[in-house]
Amino acid sequence: MLTGMSITLSIVTGASRGLGRAVAEQLLARGEHVIAISRRAPEGLSSPRLQHWSADLADAAAVSTRLHDHLRAQGEQAFAALALINNAGVISALAPLGEVDGEDLARAVRVGLEAPMRLTAAFLAATRGWALPRKVLLVSSGLGRRAMAGSASYCAAKAGLDHLARAVALEEAAQPQGARIVSLAPGVIDTDMQRQLRSAEAQAFPERERFAALHRGGQLDSPAAAAARLIGYLDRADFGVNAVADVRDA
Ligand SMILES: NC(=O)c1ccc[n+]([C@@H]2O[C@H](COP(=O)([O-])OP(=O)(O)OC[C@H]3O[C@@H](n4cnc5c(N)ncnc54)[C@H](OP(=O)(O)O)[C@@H]3O)[C@@H](O)[C@H]2O)c1
C-alpha cells in the first residue's frame, strides 16, 4: 500500500477569482492539492500543489474527459480523499427572459448546470467503488430556491443544481461506499458577480437596488470568509445528509 504518499485533492472550478479562488487558496494553505479549472489562471496563486487546467466551461466535454482520465491514471492509491467543487457560475444579462440574447442564456446554463453535471459524472465514473471519501459540492444560490425577476437563466441553473444533487444522492446512497453530494448556497459575497448585479439597469432588473443596499450596508461576506464557511461545510461529518443546504444552516 502506498498510503503514506496519498494526497487530498480538490478539483475547484471557477478558481481564478471570487469565491473559487479563495477556496483554492485556503485548501492549498492547509496542505491539500488543487486542480483549478477556469479560463484564466488563479490570480496571484502559486504552489507546487496547484495545477491550473485552462478550460471554457461553456463546452465542458473535453475537460470532463480529461478529469476522468487523470483520476483513472493516478488510481485510488494516489489519494486519501477527493472533492469536486463545482463553483463556476455566470449570470446572463440582467433583464426579462425575452430580452436576453439566446446565446447568453444558453451560456449561463452550460457553465452553471451542464458543466457541473458532466464533471460530476466524470468524477463519479472514474472513482466508482473507491473506498476513500469522495465528495461533490455544487455551489448553488438562494436564487435556486427563491425566484428573482431579471435572472431566469441563473435561477433555472441553480434550481437544476439542487435537484441534480437530490437525484445523485439517491443513486450514490444505493452504492457501496457511494460519494456524498450537496448543492450548497454560499451566502452573499463581495465578488465580480455582485458588481454585475449592482450595475444592472434598474428598469430591466427590479432587484438591483436590493443588491446595492446590501453592498452599502456592508452586508456582503468577503470571499475569504465565504470560502472558510464553504470549507467548514465540506468538512462537516454530516456532509451529504441533506443534499440541498445553505452555509447559513446551523
Ligand atoms: N457572489 C455571490 O453573492 C454569490 C451568491 C450566491 C451564489 N454564488 C455562486 O458562487 C459561485 C462563485 O461566484 P463568484 O461570485 O465568486 O463569481 P465570480 O467572481 O464572477 O467568478 C466566477 C468564476 O467562474 C469562472 N467562470 C465563469 N465563466 C466561466 C467559463 N465559461 N469557463 C470557465 N470558468 C468560468 C470564472 O473564471 P474565468 O473567468 O477565469 O473563466 C471565475 O473564476 C457561482 O456559482 C455563483 O453563482 C455567488
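Y233 sits in helix α7; helices are DSSP runs of H or I with at least four residues, strands are runs of E with at least two, and both are numbered from the N terminus. This is a predicted model, in which local features need pLDDT of at least 70, side-chain atom pairs count only at pLDDT 80 or more, and totals for chains, interfaces and linings use all residues. Residues are numbered from 1 along each chain as its sequence is written.

**Y233**
- Y233 is partly exposed because 19 other C-beta atoms lie within 10 Å. The scale calls a residue buried at 20 or more other C-beta atoms within 10 Å of its own, exposed at 12 or fewer, and partly exposed in between, with C-beta atoms placed from the backbone.
- Leaving out residues up to four places away in sequence, Y233 touches L184, F239 and V247. Contact means that the C-beta atoms, placed from the backbone, lie within 7 Å.
- E209 is 24 residues from Y233 along the chain, and their C-alpha atoms are separated by 30 Å.

**The ligand shell**
- The ligand is surrounded by 27 residues. G14, G18, R39, G89 and T191 are the closest. A residue is near a molecule if its C-beta atom, placed from the backbone, lies within 6 Å of it.
- Twelve residues of the shell are nonpolar, ten are polar and five are charged. Ala, Val, Leu, Ile, Met, Phe, Trp, Tyr, Cys and Pro count as nonpolar; Asp, Glu, Lys and Arg count as charged; the others, Gly among them, count as polar.
- Helices α1 (18-29) and α5 (192-198) each give the shell at least two residues.

**Helix α1**
- Ten of the twelve residues of α1 are buried, so the rest of the structure largely encloses this helix.
- Among the buried residues of α1 are G18, R21, E25 and L28.
- The buried residues of α1 pack against strands β1, β2 (33-38), β3 (50-54) and β4, and against helices α5 and α7 (223-235).
- From first C-alpha to last, α1 reaches 17 Å, close to the 16 Å expected at 1.5 Å a residue. The expected span is 1.5 Å times one less than the number of residues.

**Strand β4 and its partners**
- β4 (residues 79-86) is mostly covered, with six of its eight residues buried.
- Strand β1 (residues 7-13) runs parallel to β4, and six bridges join them. Strands pair if DSSP finds at least two bridges between them.
- I11 stands opposite L84 in β4.
- β4 also runs parallel to β5 (residues 134-139), through five bridges. Here N86 stands opposite L138, and I85 has L137 as its bridge partner.
- β4, helix α3 (residues 102-127) and β5 form a right-handed β-α-β unit. Right-handed means that, with the strands pointing away from the viewer, the path from the first strand over the helix to the second runs clockwise.

**Strand β5 and onward**
- Five of the six residues of β5 are buried, so β5 is largely enclosed by the rest of the structure.
- β5 and β6 (residues 180-185) run parallel, joined by five bridges. V136 has I181 in β6 as its bridge partner.
- Helix α4 (residues 152-173) carries the chain from β5 to β6 in a right-handed β-α-β crossover.

Definitions and conventions. Contact = placed C-beta atoms within 7 Å.
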